[in-house]
Amino acid sequence: MEGWMLSFVTSLVKFLSKVKKLMMHVLAYRSLFASKSIQTGECILRVPYNVQIAPDNLLPKVASLLDNEVGNVAKLAIVILIEQKRGQESEWAPYISCLPRPGEMHSTIFWSKSELDMIHQSTVYQETIKEKYQIEKDFLKIKSALDHSPEILDGITLEDFMHAYALVRSRAWGSTRGVSLIPFADFSNHDGVSEAFLLNDEDKQVSEVIADRNFAPHEEVLIRYGKFSNATLLLEFGFVVPHNIHDQVQIHIDVPNHDFLGEMKLDILRRHHLPTTRYANDFKFSGDSFIIKEVRSARGKGKGLPQSLRAFARVLCCNSSQDLIDLAMEAEQNDGRLARCPLKNSSREIQAHEILLSRISQLIEEYNVSMKSLEPPVAASVCKRFALRRQMALDLLTGELLVLESAYTWLNNYCATLLQHSTTNDDASACGNIRE
């Protein structure tokens, strides 16, 4: 594979003409395969910067019509739309013609309302709504700007722009030019545990991938796009990975409105750099969101549960102003981080973690209900696209449920251990009192 990849030349037209036949053959399944044996450490592919597509490929006339609020993803989407409009006259035609069509893409921004409802438990639901809002916002800005020169992209629709935008989001890499579409590299499929990933060499002005293992002839070459959860993969790329080791769940914890120490708790949390106040539809609510990952050891130190989440719970369970003052003083005397050590009162420490247990237990129940609703009816007949997206939704929720269950198991063991130690100490104290 490296041989023909190294035949890239600086002239884009010459480059595309040389590899057009090979490209059409290799991309039949939009995958890359080794044409010969590849050894660990060898260069799999190398793509010069000057044959990559970036926002600065916009015609100066078009770029001058756009303000700085239009981001690089949107600008690169316009480049794609312009080149698509040019058809076979475009020097990028062989590459662009191989990109996925709208009906072949499964990013959640293309999902119907009923399809999105399947994943309403996951944060990707709200992230999809935000993403679609941003796309519509960018589209209106661009359409307004290009109305002054209708010959550039006359008749562009929101659906056209969303498709181009999704192509960039799913296929472009960050670069010194903002974001770049890298022919051939973007047809490598994702393996979340691979150690092969795209590298940029600024001195040589090339992007390249180095093999992290041996590949046999005709074996598919996989790389890692990033350490992405299924929520990110589904939103940005339109697929999920079963048993994704990078899965995570966002959990929101509120300071109860009826808490008479609520304002004092919020003030202490703010002073220790925990954002706590948000607004939605004119209603003020207080709390914080935390990312939890799978806790791989049920009796370890709880790695996967952020210390900031446990600290938040310790603050929540304080029932006197003196308790809060003591926590603040303890933080100032140490490294400044609030409530990072177990509370001296073991009953209160258990209470803090039971707050988390209660919230996670609620989420587990909600996930189970959602997943139960995704089970297909007996002998049901559905279209292939819906069946595929339903399976994606199920895989997404399954992975996130695993994260929640691992956190619940660890928290339950932690509370049981504390309770056992507390009971043992109480029994020892009682025995001591009897001896006296």
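**Entry 1: Phe184**

I started with Phe184, which lies in the loop between strand E3 (178-181) and strand E4 (189-190). For the labels, helices (H or I, at least four residues) and strands (E, at least two) are DSSP runs, numbered from the N terminus. I was working on a predicted model, where local features need pLDDT of at least 70, side-chain atom pairs count only at pLDDT 80 or more, and totals for chains, interfaces and linings use all residues. Residues are numbered from 1 along each chain as its sequence is written, and side-chain values use heavy atoms, with hydrogens and water left out.

Is Phe184 buried or exposed? I found Phe184 buried, with a relative accessible area of 1%. My scale here: buried is under 20% relative accessible area, exposed is over 50%, and partly exposed is in between (1.4 Å probe, protein chains only). I also noted a positive phi near 80 degrees for Phe184, in a residue other than glycine. As background, most residues other than glycine have a negative phi.

**Entry 2: His243**

Next I looked up His243, another non-glycine residue with positive phi, near 60 degrees. His243 sits in the loop between helix H9 (230-237) and strand E8 (248-254). I get 79% relative accessibility for His243, so I log it as exposed.

**Entry 3: the whole chain**

I stepped back to the protein chain, which has 14 helices and ten strands. Of its 436 residues, 47% are buried. I put the accessible surface at about 22,700 Å², with 52% of that belonging to carbon and sulfur atoms; the areas come from the Shrake-Rupley method with a 1.4 Å probe, and for residues only the protein chains shown count as cover.

I then checked contacts, meaning heavy atoms within 4.5 Å. Among those between residues at least 6 apart in sequence, 74% join residues at least 24 apart.

**Entry 4: the E1-E6-E5 sheet**

What is the strand order in the open sheet of three strands? I read it as E1-E6-E5, with antiparallel pairing. E1 and E5 are the edge strands, each pairing on one side only. Neighbouring strands of this sheet are turned by 25 degrees against each other on average, direction ignored; the axes are lines fitted to C-alpha atoms, for helices over the stretch in contact, and angles run from 0 to 180 degrees between N-to-C directions.

I count two strands as paired if DSSP finds at least two bridges between them. E1 and strand E6 (residues 206-210) pair in the antiparallel sense over five bridges. I noted Ile210 as the E6 bridge partner of Cys43, and Val206 as that of Pro48.

Leu199 stands opposite Glu208 in E6, and Asn200 opposite Ser207. The hairpin of E5 and E6 has four residues between the strands, and there Gln205 takes a positive phi near 60 degrees.

I also looked at burial. Five of the six residues of strand E1 (residues 43-48) are buried, so E1 is largely enclosed by the rest of the structure. Four of the five residues of E6 are buried, so E6 is largely enclosed too.

**Entry 5: Gln121 and helix H7**

I moved on to Gln121, in the loop between helix H6 (113-116) and helix H7 (123-146). Which residues does Gln121 touch, not counting residues up to four places away in sequence? I listed Glu366, Tyr367, Ser370 and Leu397. A polar contact of 3.2 Å joins the side chains of Gln121 and His120. Such a contact is a pair of N or O atoms within 3.5 Å; within protein, one must be able to donate a hydrogen and the other to accept it, and residues adjacent in sequence count only if both atoms are side-chain atoms.

Then I checked the span of H7. At 1.5 Å a residue, its 24 residues should span 34 Å, and the end C-alpha atoms are 34 Å apart, which agrees; the expected span is 1.5 Å times one less than the number of residues. The buried residues of H7 include Thr128, Glu131, Ile135, Asp138, Phe139 and Ile142. An α-helix has 3.6 residues a turn, so residues three or four places apart point the same way.

**Entry 6: Arg271**

Last, I looked up Arg271, in helix H10 (residues 262-271). Arg271 is partly exposed, at 45% relative accessible area. I have Arg271 and Leu338 67 residues apart in sequence and 9.5 Å apart in space, C-alpha to C-alpha.
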